[in-house]
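User: I would like to learn how to read cavities and helix packing in a model. Please take me through them in turn.

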Amino acid sequence: MSDATPRGEPAQPGTTPLGFFATAARNLETLLAEELRAMGIADAKDTRAGVRFGGSLADAYRVLIGSRVASRVLLPLAAFDAPDAEHLYAAVQDIHWPDHLAPGRTLAVHLDAVRSGIDNGHYGALKVKDAIVDQFRALGLPRPDVDTARPDVALRCHIFRDRATLSLDLAGDPLHRRGWRAREGAAPLKESLAAAVLLRAGWPAIAAAGGSLLDPLCGAGSLPIEAALMAADIAPGLLRTELGIHWGCTGWAGHDAAAWTSLLAEARERRAAGLARLARQGPALRGADRDPRAVRAAQDNAARAGLAGQVRFERRDLADCAPAPADSPGLVVTNPPYGERLGEDTELPALYATLGHLLRERFDGWRAAVLTGNPELGKGMGLRAKRFHTLYNGPIECRLLHFQVSPEAHVSDRPRPLPAAERGPGAEMLANRLRKNQKALAKWLRAEGISCYRLYDADLPEYALAVDIYGSADPATPQRRFVHVQEYAPPSDVDPKAARRRLREAMGVIAEVLAVPAQDLFFKVRRRQRGGAQYERLGQTGRFHPVAEDGLRLLVSFEDYLDTGLFLDHRATRRLVRERARGRHVLNLFCYTASASVHAAAGGARSTTSVDLSRTYVDWARQNLALNGFTGRDHQLIQADCLEWLANARAYRGRFGLIFLDPPTFSSSKRMRGTFDVQRDHVDLLRGALALLAPDGELIFSTNRRRFRLDSDSLDPAGSLAVEDITKATIPRDFARSPHIHRCWRIRRATASPAPTAPCAPAAPPR
C-alpha cells in the first residue's frame with residue numbers, strides 16, 4: 001500500500017452534512033422522493049434506481065426506520081476510475097478502513113459492473129475484500145473476516161463504464177424485510193411494493209378521513225397489514241429492530257448510537273399512539289380469501305406485526321365479499337392472480353369479471369386499485385380505469401389500475417333510471433327538448449335518407465349528454481333503433497351526487513321519450529382522451545350491429561369501445577369521398593373501420609387501399625367491405641404504421657386519384673416509432689400523402705383537433721397547391737351546435753380542374 005495519507009475521513013455523527021443514496025425498485029423513484037420530502041428531507045432528488053439526498057446521519061437513520069418504499073440506504077465512501085482489477089484494488093486501499101471497520105470485525109462485499117473491464121462481479125468483490133484485508137495486515141491490525149449473512153460492515157460497489165462508486169450499506173438486510181412475514185402465501189408481494197400500491201392509491205388520505213379498506217383476494221395479507229402499519233403510523237423498520245433483523249449501520253465504526261436510539265424511541269411512542277387511535281376510531285381494515293391456509297397465514301402475519309385485532313381476516317369467496325354495515329366508503333385494493341408464477345389459469349377472466357361486477361354492485365362511492373401483470377384481464381372487469389401506474393413485481397411489469405366506483409365508471413352499464421315521480425323539474429325540460437329536436441330533424445332525415453344521427457348535444461347545460469340514434473340494417477329487425485348516450489364528464493367543482501342524480505333523470509327520460517327497450521340503450525362517459533385512448537378496448541362482448549347509411553351496411557359496437565366505429569359528424573365527408581371516387585384509385589389512410597373506403601367502393605372507385613396500424617380495425621374494415629360485397633384484390637387492406645408506410649410507398653407514387661386522410665389528434669401507440677401529433681406533424685404527413693397523389697387527384701384532409709391551424713406556408717411555399725377549406729360544407733345539420741367538431745380541407749395541384757364543394761346529397765345505393 002502507498003505511504004500517502006489514505007483518502008476518506010471518518011463520518012462524524014450529529015449534523016455533519018453527508019451525501020446518501022436510497023435505492024428503490026424500478027418506477028418507485030419518484031414515490032420514494034416524495035416520501036423522503038414528507039420526512040423533512042427537502043433536497044431529495046429522484047434519479048435512476050433511487051433517490052439522492054443530503055443530511056446528517058440522523059436523517060439517514062430516519063429513512064432507514066421510516067421509509068416504506070426504499071430498498072437500501074447507501075453512504076458513498078469514494079468514487080474512482082476502475083478500468084481493471086488492479087486499479088480497483090489500489091483505489092480501495094486509498095481509503096482508511098479502520099475509520100469504518102474496527103479490527104477483528106466482519107465484512108461482506110457485493111459488486112456489480114455494467115460496461116466495465118471487470119466483467120466478473122464475484123472476482124471484483126474479492127479484489128475489494130483483498131484490498132481491505134491487506135491494509136489491516138500492513139497496519140499490523142487483526143484482519144477482518146468475511147460474513148455474508150450478518151456482517152458488521154456491508155459494502156456495495158457499483159461500476160459503470162469503468163467508473164466505480166463504493167458505498168457503505170446502512171440497511172444490511174433489504175428494507176422490504178420488515179420481519180412480520182412469518183408465513184407466505186403463493187406469489188407474495190414484497191412489503192415495499194405493497195406499500196407503494198397503497199401510497200399510489202391514496203390510502204393515507206383515505207385512512208385519515210376514516211375510510212375503510214378491503215382486500216378481497218388477500219393471500220397472506222400483505223396489503224391489509226401494510227395498510228394498517230400506515231394507518232397506525234408504525235415505522236416499518238421498528239419491528240426489524242425488535243425481532244433482531246440485521247442492520248448494516250450498527251456495526252459500522254462511524255455509527256451514531258445516540259441518534260439511532262433516540263429515533264427508535266420516537267418510533268415506539270408514535271406506534272403506541274397510533275395503535276390506540278386505530279383501536280378507538282378505525283379505519284376498518286379487512287382481508288378475505290377463499291383459501292383457509294392463506295387466511296391462517298395472514299392472521300399469523302398480522303399477529304407478528306403487533307396488529308392482532310386491528311386487521312380482520314376471514315375465509316370468503318370473492319363473489320360473497322361486500323362492505324360491512326359499519327364500513328365507511330374507502331378503498332378496495334387487491335393483487336389478483338394474472339397467469340404468472342401461479343401458472344396460467346382458464347378461470348382468470350371469470351375472476352376479473354366477478355371482481356368488476358362486485359365493485360359495481362356493492363362498492364358504489366369507493367375507490368379501487370387493482371395491481372395486475374395482465375392488463376388484458378383488467379379490461380375484462382367492465383370498469384374504465386381513470387388512471388394507471390406501471391410498477392414491477394420482481395421482473396414482471398404490472399399495471400396498477402385506479403377506479404372511482406360509480407355509475408359513471410361503467411363501460412356500458414346504464415345508470416339506473418330515476419322513476420318519474422322522483423325527478424326534478426329539469427327532467428321535463430329535457431323531455432321537451434328531445435321531442436323538439438326529433439320534430440325539427442324529422443323532415444330533413446327523411447329527405448336525406450339518414451337513419452344514424454345526433455339527436456341531442458348538451459343543448460341544456462344541466463344535462464351534458466350526447467344522444468345518438470342508430471338505425472338497424474338487420475333485415476330481421478328493420479325498424480329497430482339503438483340509442484347511444486355519452487355523458488361529458490362533469491368538471492371537478494360539480495357536486496358528484498347532484499351530477500349522478502341528473503344523469504339518472506336523463507336516462508329515464510331518454511328511455512321514455514324515445515321508447516327504446518333497455519337492451520338497445522347504451523351508456524358511456526366521454527372524457528378528454530390522450531393518445532389512442534378513444535380506440536382502446538373497454539369491453540369484451542364482441543357484439544356488432546349492422547346499421548344503415550346511404551344504402552350501405554356498416555358494423556358498429558356500442559359496448560366494447562368508447563367510439564362506435566362510425567363517426568357521425570363525418571357523414572357528409574364520406575358522401576364527398578363517394579361522389580369523387582368514381583373511376584379513381586382511392587387511398588384511405590388511418591382508415592379506422594374503413595367506412596370511407598366502403599363509400600368510395602360504392603361510388604365506383606377502381607380500387608381502394610385502406611391502411612391502419614390496428615389489427616382490430618383492419619379486421620373490422622374487412623368485415624365492413626365484405627358486408628357490402630367489396631372483396632378481392634381491388635380492395636386492399638394493409639396493417640401498418642401509416643407514417644412508415646408513406647415513407648416506403650414509392651411504388652404508389654402518383655397512383656391515387658383520391659386520398660382521404662383523417663389522422664388521430666395524437667397517438668403514442670407502442671407499435672409506433674415515437675409519437676404523432678397532428679398539429680406538429682401534419683405538414684410532413686400531407687407532403688408524404690401528396691407524393692402519392694395523381695396529377696389531377698385530390699386529397700381530403702380532416703382533423704378533430706379543435707384549435708388546429710393548417711400551416712399552408714410550410715406545406716406549399718411555392719404556391720403549387722390549391723387548398724380549399726370545406727369545413728362548413730362537411731358539418732351535418734345534426735351537428736350544427738358543434739361547428740368546431742372537425743376541420744376539413746380539399747387539396748389539389750394548382751393546375752388541376754376545379755371541382756364542386758358541396759357534396760351533401762345522398763348517393764345512390766350500390767348495384
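**Cavities and a helix pair**

Analyst: By class, the lining of the largest cavity has eight nonpolar, no polar and two charged residues. Ala, Val, Leu, Ile, Met, Phe, Trp, Tyr, Cys and Pro count as nonpolar, Asp, Glu, Lys and Arg as charged, and the others, Gly among them, as polar. This is a predicted model: local features need pLDDT of at least 70, side-chain atom pairs count only at pLDDT 80 or more, and totals for chains, interfaces and linings use all residues. Residues are numbered from 1 along each chain as its sequence is written, and side-chain values use heavy atoms, without hydrogens and water.

User: How is a cavity found, and how many of 30 Å³ or more are there?

Analyst: Rolling a probe the size of a water molecule over the atoms shows where empty space is left. A cavity is a set of points, on a 1 Å grid over the protein atoms alone, where a 1.4 Å probe fits but cannot get out; lining residues have an atom within 4 Å of a point. Points are joined across faces, edges and corners, and a volume is the space filled by probe spheres set on them. The count here is three cavities of 30 Å³ or more. The largest has a volume of about 70 Å³.

User: Which helix gives the most to the lining of the largest cavity?

Analyst: Helix H8 (residues 236-242) does, with three residues. Helices are DSSP runs (H or I, at least four residues), numbered from the N terminus. The lining includes Arg 178, Trp 180 and Arg 271.

User: At what angle do the axes of H3 and H4 cross?

Analyst: Two packed helices are described by the angle between their axes and the distance between the axes. The axes of H3 (residues 85-93) and H4 (residues 121-138) cross at roughly 35° and come within 9 Å. Axes are lines fitted to C-alpha atoms over the stretch in contact (heavy atoms within 4.5 Å), with angles from 0 to 180 degrees between N-to-C directions.

Methods. On a 1 Å grid over the protein atoms alone, a cavity is a set of points where a 1.4 Å probe fits but cannot get out, and a pocket is an open set with protein on both sides within 12 Å along at least five of seven lines; lining residues have an atom within 4 Å of a point. Helices (H or I, at least four residues) and strands (E, at least two) are DSSP runs, numbered from the N terminus.
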